[in-house]
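User: Hi! I'm new to this one and would like a friendly tour. Could you show it to me?

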Amino acid sequence: MPLSRGYAQPVGMAISPQLVDIVDTATGVRSFSSGGSHALRVCQVERWGLRMEYTTPDDPFSDTEITWLLPELNLRLTQQKPRSRHAKGGPSELTAVRVLREGRHWRTTDLLLGLAAPGGTTARIVRSEEFAAAVAGRVLRVGDADLAMCTVHKTLEELSRVRHDLSSWLAHKHIFEVWPPY
C-alpha cells in the first residue's frame, strides 16, 4: 500500500502515531496517547530513573506490569508478572525510548524498537517490522530512529558481554536493585 512521498508500508503493518506516555509522579497516574490511563500501585523516583508498577486487569495472562524508566540509557525495562503463579513469566523487554522530565511529569516517547531478554539465553531484537514501518511512514523522525538503533545495538552488545544476564548488566550500570523485583 503506497504512502506519501513514495514510501511503501510493509504488508499487514498499520502505521500509528508516536506512542507517548506521561507519568505524573505526584498523583501516581500513567496516561497513554490513546487516551487511557492507569493508577500506579508503585510510582517512585530513583537515582537511576523511575520505578512503576500497576495491575493489568484486562490482560488474561498478566496480573501486573513492572516498568523501570532508565532515562540516561534511553531505555524502558518492562516485565509482565503472570496471572497464574504456576505460569512461566515471559522475557523482560528493553525498549528504546526518549524520556523528558519536567518537574513531576515524565514524558516517554516509544521509539518502537527493543530487545526481548528471556534470561539465560540470548537477547533478541523485537518490534523491527513496526519500527521499519514507522521509519518508512515518517512517524519516527530520523533522529529518533538513529537513537533507537544506537540504543538497542549498544545494549545488545553490552548484554552479550555479561552473557545476557540482566542483573549483571544492571549492576554494571550501577543499578543494584533486583530485577525482576518479584
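**Pockets, a cavity and a helix**

Analyst: Happy to! The second largest pocket holds about 270 Å³ of space. Gln79, Gly89, Gly90, Pro118 and Pro180 are the closest to its centre, out of 15 lining residues. A pocket here is an open set of points on a 1 Å grid over the protein atoms alone, with protein on both sides within 12 Å along at least five of seven lines, and lining residues have an atom within 4 Å of a point. Grid points are joined across faces, edges and corners, and a volume is the space filled by probe spheres set on the points.

User: Before we go on, what kind of model is this?

Analyst: This is a predicted model, where local features need pLDDT of at least 70 and side-chain atom pairs count only at pLDDT 80 or more, while totals for chains, interfaces and linings use all residues. Residues are numbered from 1 along each chain as its sequence is written, and side-chain values use heavy atoms, with hydrogens and water left out.

User: Thanks. How much space lies in the largest pocket?

Analyst: About 370 Å³. Its lining has 21 residues, and Asp21, Arg30, Glu65, Arg76 and Asp110 lie nearest the centre.

User: Which element gives the largest share of that lining?

Analyst: Strand S7 does, with 4 residues. S7 also gives the largest share in the second largest pocket, 3 residues. Strands are DSSP runs of E with at least two residues, helices are runs of H or I with at least four, and both are numbered from the N terminus.

User: Which residues line the largest cavity?

Analyst: Asp21, Val23, Arg30, Met52, Leu69, Arg76 and Thr108. This cavity has about 30 Å³ of space. In a cavity, a 1.4 Å probe fits but cannot get out.

User: Back to S7. Is Thr78 buried or exposed?

Analyst: Thr78, which lies in S7 (residues 75-82), is buried, with a relative accessible area of 12%. Buried means under 20% relative accessible area, exposed over 50% and partly exposed in between, using a 1.4 Å probe and protein chains only.

User: What does Thr78 touch?

Analyst: Leaving out residues up to four places away in sequence, Thr78 touches Glu65, Ile66, Thr67, Pro91, Ser92, Glu93 and Trp179. Contact means heavy atoms within 4.5 Å.

User: New topic: which residues of helix H1 are buried?

Analyst: In H1 (residues 128-136), they are Phe131, Ala133, Ala134 and Ala136. Strand S9 (105-117) and helix H2 (142-161) are among what covers them. Arg138 follows H1 and has a positive phi, near 60°.
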